[in-house]
Amino acid sequence: MVSSSHEAMHRIFQEYPGLFSRVSEVLGVEIGPPASATVMPTDLTENRPLERRVDTLLRIDMEDDRSYLLAIEAQGKKDPDKPASWMYYLSYLQAKYKLPPMLLVVCQDRATAEWAARPFPVGHPQSPVLTLQALVAGPHNMPVITDVAEARKDLALATLAAITHAGDPDIGAILKTLSTALRDVPETIADPIVELTAQGLGNRPAAQQWRNLVAVDLSFYKSSLSEEIRDEGRAEGRTEGRAEGIARGILLLLAQAGVDVPEEARERVMGCADLDTLSRWLLRAPTATSVEDVFAVG
């Protein structure tokens, strides 16, 4: 199953086709800004029962009338079968569209990125007929952007950098920088950035950090993600308030029954957030002769 982070790593180039020219500079290949870009069909299947699809495919048209195809693949782990598929994609695209293809592989861990950046030869070891050499963007070469002004200069690149550094120890600072950079940005621009970042972080711990930052730093901002986060926060607040009320009721009933409640037991009651457990304790409190009666299992 394709993960949300996999989708974000290539879909960001659909949202911001010009991003590749800036990424290419980071990777040491001067491509230049496009005059236009067209999202192409990703289905590379021939008339046989073998389906092949590239993640994202763009036609990039330059101002000097040159054009090329950009195939973008999000790679989550090493896959010995993948280089052969990539070679197939590129040769197929060259043959079908008669345009030079390029391959960009986007990764979120260094080991996979370094593997994808290796040259992959095809043919006899002494005389390979083809060698695949992909451009690779990953945590090993994407910038760590923790300067707000730098992030504001290129929000698309800052977003991709944050996604590729999802497992970085400094991801908290990276995400804080991005959320701060979005504070004065129109919603039409901030919306895809917020959503793509959340999608790109997947189920990593950093995803919750981003959700918290959106809820706090972008509290003015209305998006499906921010509204979802606020709804969760309101629901959590209601649950916490109800739990605290039941806990105080338990302690009050025990006090009225003359039951001594040590500080440790008091903290256990007030610290419990499980409504089912608190309800069970509440039912026992009126007839309890000790706190052990309240906490008894069964």
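Analyst: Two strands pair if DSSP finds at least two bridges between them; strands (E, at least two residues) and helices (H or I, at least four) are DSSP runs, numbered from the N terminus. The structure is a predicted model, in which local features need pLDDT of at least 70 and side-chain atom pairs count only at pLDDT 80 or more, while totals for chains, interfaces and linings use all residues. Residues are numbered from 1 along each chain as its sequence is written, and side-chain values use heavy atoms, with hydrogens and water left out.

User: What makes β1 and β2 a pair of strands?

Analyst: Four bridges join β1 (residues 36-39) to β2, and the rule asks for at least two, so the strands pair. They run antiparallel, and Val 39 stands opposite Leu 58 in β2.

User: Why is Asp 61 called buried?

Analyst: Asp 61 has a relative accessible area of 17%. Buried means under 20%, exposed means over 50%, and partly exposed lies in between (1.4 Å probe, protein chains only); Asp 61 is therefore buried. Asp 61 is found in strand β2, where five of the six residues (56-61) are buried.

User: Which residues is Asp 61 in contact with, leaving aside its neighbours within four places in sequence?

Analyst: Contact means heavy atoms within 4.5 Å. On that basis Asp 61 is in contact with Pro 34, Ala 35, Ser 36, Arg 66 and Ser 67.

User: Why does Val 122 count as partly exposed?

Analyst: The relative accessibility of Val 122 is 32%, a value between the limits for buried and exposed, so Val 122 counts as partly exposed. Val 122 is found in strand β5 (residues 120-124).

User: What makes helix α7 mostly covered?

Analyst: Helix α7 (residues 171-181) has eight buried residues among its 11. Those buried include Ile 171, Ile 174, Leu 175 and Ala 181. For the protein chain of 298 residues, 45% count as buried.

User: How many aromatic pairs are there, and why is the pair of Trp 86 and Trp 115 called tilted?

Analyst: Rings of Phe, Tyr and Trp (its six-membered ring) pair if their centres lie within 6.5 Å; planes under 30 degrees apart count as stacked, over 60 as edge-to-face and the rest as tilted. By this rule the count comes to five aromatic pairs. The ring centres of Trp 86 and Trp 115 are 6.0 Å apart and their planes stand at 50°, so the pair is tilted. This pair links distant parts of the chain, with Trp 86 in helix α3 (residues 82-97) and Trp 115 in helix α4 (residues 110-116), 29 residues apart. Both Trp 86 and Trp 115 are buried.

User: Why is the pair of Trp 281 and Phe 295 called edge-to-face?

Analyst: The centres of these rings are 4.8 Å apart and their planes are at 65°, so the pair is edge-to-face. Trp 281 lies in helix α12 (residues 275-284) and Phe 295 in helix α13 (residues 291-295), so the pair ties together parts 14 residues apart in sequence. Trp 281 is buried, with a relative accessible area of 5%, and Phe 295 is buried at 16%.
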